[in-house]
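Here is a short tour of a two-chain model, written to be read with the viewer open. Please have a look around first, and then follow along.

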Amino acid sequence: MRTLEQTTQEVLDLAAKHFQLPVGTLAPGDDFFKKLGIDSLQTLEMLSRLENHFGIELPDYEVQGVSDFKTLAERIQSRL
Amino acid sequence: MLDLSKYQSIGAALKDALDHFADEVCLIEADREREKERLTYRDFKERAHPLAKALQDGGFFAGDRASIIMTNQSKWLISAYAIFLAGGVLVPLDYKLTAEEQWQLLKHSNASLLVTEYPIWRQLSASAGRAVATNVRSVLVTEAPTNTDLSGAQRWEEFRGAAEPVFVPRKRCDTACIVYSSGTGGRPKGCMMTHENYLEQCVALTSIYPFWPGVRYLSILPTNHAIDFMVGFFGPFTCGATVVHLRTLRPEYVREAFPKYKITYVSLVPLVLKNLQKGLQARFDALPAGKRKVFNALVRINKALTKGRPRPGISRRLLKQVHEAFGGELRTIIVGGAFTEPQTLQFFYDLGIPVANGYGLTEAGTAITVNDLKPFRADTVGKPLPGMEVRIVNPAADGVGEVSVRSKTVMAGYLDEPELTAEAIVDGWLMTGDLGRFDDAGHLQLAGRKKNMIVTEEGKNIYPEDIEAVFESLPVKEFCVFAANYIWPKRSMTGEKLVLVLHLEAGHQYGEELRREINARNNRLLNYKRIHGVVLLDEDFPRTASLKIKRNVLAERLAKLDSGAAILPL
């Protein structure tokens, strides 16, 4: 079982990879809309990638209103 | 299609539709690759009637208000029909609002009943906002896990009456829905839409974009939105068509739904349409040079052959692969909620996929104008729908003035806001606050806004007053949020931004600390509500006797500044 810290790190690494940024450029508290300059649709695409990685289903409502990696990682952690 | 001129209410029309089209499929619901539900009109009735009966047994009477806060799904429509059958007034609320905002609107609407889904109820019940909406006496929650404390709510699935409900007739002039067009942070604007508004709008829209049994409409826009309520519920239901709901709106599942369910119509906001365009363009660009040349030639041929009108048969043969990706039966993409750029519309039309571009607002009962594709025009928002009188008020020399509308589809007014209603509806004409002109062919061209608000590409209406609360107690003398276009008008409906105008305390500078504080506050807002820059003004804001900011006077003062230099980035 992953710890929340591990999950958070994996989320950050995957997001960086998905948006072709150097690993280590994203921080848990970053607002991904702002930091990555992405819209809600691109966020959904990122979620699909995270779902595949963690082997979970993350319903759309779970990420409603979430805009930072830390909260996103917590939502993922609760479903692992 | 039912002859809607015979009906007095939404409930009466739907009631007949359920019997008339009993064996047709009315709803398909899918979650990812799994089909969760497929209901005929008969099944729909069998689900809705026990709910309506239980509502009546529980003391829900004609004119009582009931709110639905749910993502798009069959239970949304079943609940709405049960409310109409029982003579209720529906208050559809946006499930994307925060719990506090939802409670605030629930209080304002005076809804006695709330129908919601478990994940939303989890947040609503934990919110402090609940204490203010004591008017909400009953809550029905769908798909709640077993052995879960529902904090006073009842399970939707178990809320069933044993006998047949009594149909409660309503008159055309009665309020059918209260639809909020804005006001989560300021004065809520609850548009009181009558049964007549919906019946007339449905007749007008389906005269141009018809539904019939076998048509499949993919419902993606939230059903609380006026567009989806009409073309994803009332319109298709009164014609015996099928509505397809997806519980997961990830782009890959939306893409799969087109061929899987042979979609005929879909409504999208401009943001999603542009995303589709981007994806398709990337695929075309990735074709090997030879294939790309052939493809481009086929697009040119299609363009020439469809110049006067759409010819779906020809387009589907010429550009087979593109159309097959959309299921091969897509007739039209309906786009709404915000302005769409002409090049995006042209891109799809050239592929043989017409986009029904139009213009409307909730207050006018969804659509005012729509492109009838005779011929297709990417540079306008089409002609007025049948039954719509549209005129341009105080036109300038170039014909541009405020668009105003008179029609049986225009709302009765704003709930509990006679002053706002009087400002919006003058001598029976709805003043839209949007600027436009008619061209020689009778098409409406939009040319910016007169009102202080923005509409995002996701179709969200944002009023500056609604987001100002987040900046309260900033260490400045005074502040005000504006739509940049309101201060510096431009003849465009795209790229609209909000700016925060600051009047600093004497001797203070706009430094790093204040910038960080503004950023932190801004980040508390949902991403599409955020401001994009700061404007400094070193003078007192003009105010009324009751100390309210005179926004129009302030905007005139700000307009003297050069917008390029005045807007400081965050």
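Let us begin with Q20(A), which sits in the loop between α1 (4-18) and α2 (32-36) of chain A. Although Q20(A) is not a glycine, its phi is positive, at about 55°. Q20(A) counts as exposed, because 6 other C-beta atoms lie within 10 Å. A residue is called buried when 20 or more other C-beta atoms lie within 10 Å of its own, exposed when there are 12 or fewer, and partly exposed in between, with the C-beta atoms placed from the backbone.

A word on conventions: this is a predicted model, in which local features need pLDDT of at least 70 and side-chain atom pairs count only at pLDDT 80 or more, while totals for chains, interfaces and linings use all residues. Residues are numbered from 1 along each chain as its sequence is written, and chains are lettered from A and ligands numbered from 1 in the order in which they are written. Helices (H or I, at least four residues) and strands (E, at least two) are DSSP runs, numbered from the N terminus.

Most residues other than glycine have a negative phi, and most peptide bonds are trans. Chain B has a residue with positive phi too: T366(B), at about 80°, is not a glycine. T366(B) belongs to strand β15 of chain B, and it is buried, with 29 other C-beta atoms within 10 Å. A cis peptide bond, with omega about 0°, links K374(B) and P375(B). P375(B) lies in the loop between β15 (366-370) and β16 of chain B.

Back in chain A, T71(A) is part of helix α4 (residues 69-77). T71(A) is partly exposed because it has 14 C-beta neighbours inside 10 Å. Between T71(A) and P59(A) there are 12 residues in sequence and 15 Å in space, C-alpha to C-alpha.

**The strands of chain B**

An open sheet of nine strands runs in the order β2-β1-β11-β10-β12-β13-β14-β15-β16 (chain B), with mixed pairing. Two strands pair if DSSP finds at least two bridges between them. The edges are β2 (34-40) and β16 (383-384) of chain B; each has a single partner strand, so one side of each has no neighbour in the sheet.

Strand β3 (residues 65-69) of chain B is mostly covered, with five of its five residues buried. R65(B), S67(B) and I69(B) point one way from β3(B), and A66(B) and I68(B) the other way.

| Strands of chain B | Direction | Bridges | A bridge pair |
|---|---|---|---|
| β1 (residues 25-31) and β2 | antiparallel | six | L27(B) and L39(B) |
| β3 and β4 (residues 89-92) | parallel | four | A66(B) and L90(B) |

**Helices and their packing**

Helix α8(B) lies across β1, β10 (216-219) and β11 (242-246) of chain B, running at about 150° to β11(B). Axes are lines fitted to C-alpha atoms, for helices over the stretch in contact, and angles run from 0 to 180 degrees between N-to-C directions.

How do α6 and α7 of chain B meet, and at what angle do their axes cross? The axes of helix α6 (residues 195-208) and helix α7 (residues 226-237) of chain B come within 10 Å and cross at roughly 95°. That is why α6(B) is roughly perpendicular to α7(B), a term for angles of 65 to 115 degrees. On α6(B), the contact involves Y198(B), Q201(B), C202(B), L205(B) and T206(B), and on α7(B) M230(B), V231(B), F234(B) and G235(B). Residues are in contact if their C-beta atoms, placed from the backbone, lie within 7 Å. By class, this contact has six nonpolar, three polar and no charged residues. Ala, Val, Leu, Ile, Met, Phe, Trp, Tyr, Cys and Pro count as nonpolar, Asp, Glu, Lys and Arg as charged, and the others, Gly among them, as polar.

Helix α1 (residues 10-20) of chain B is largely enclosed by the rest of the structure, because eight of its 11 residues are buried. Its cover includes α2 (41-57), α3 (74-85), β8 (175-182), α6 and α7 of chain B.

**Where the chains touch**

The contact takes 17 residues from chain B and 14 residues from chain A. On the chain B side, α9(B) gives the most, with three residues.

Notes: Angles under 35 degrees count as roughly parallel, over 145 as roughly antiparallel, 65 to 115 as roughly perpendicular and the rest as oblique. Two residues are in contact if their C-beta atoms, placed from the backbone, lie within 7 Å.
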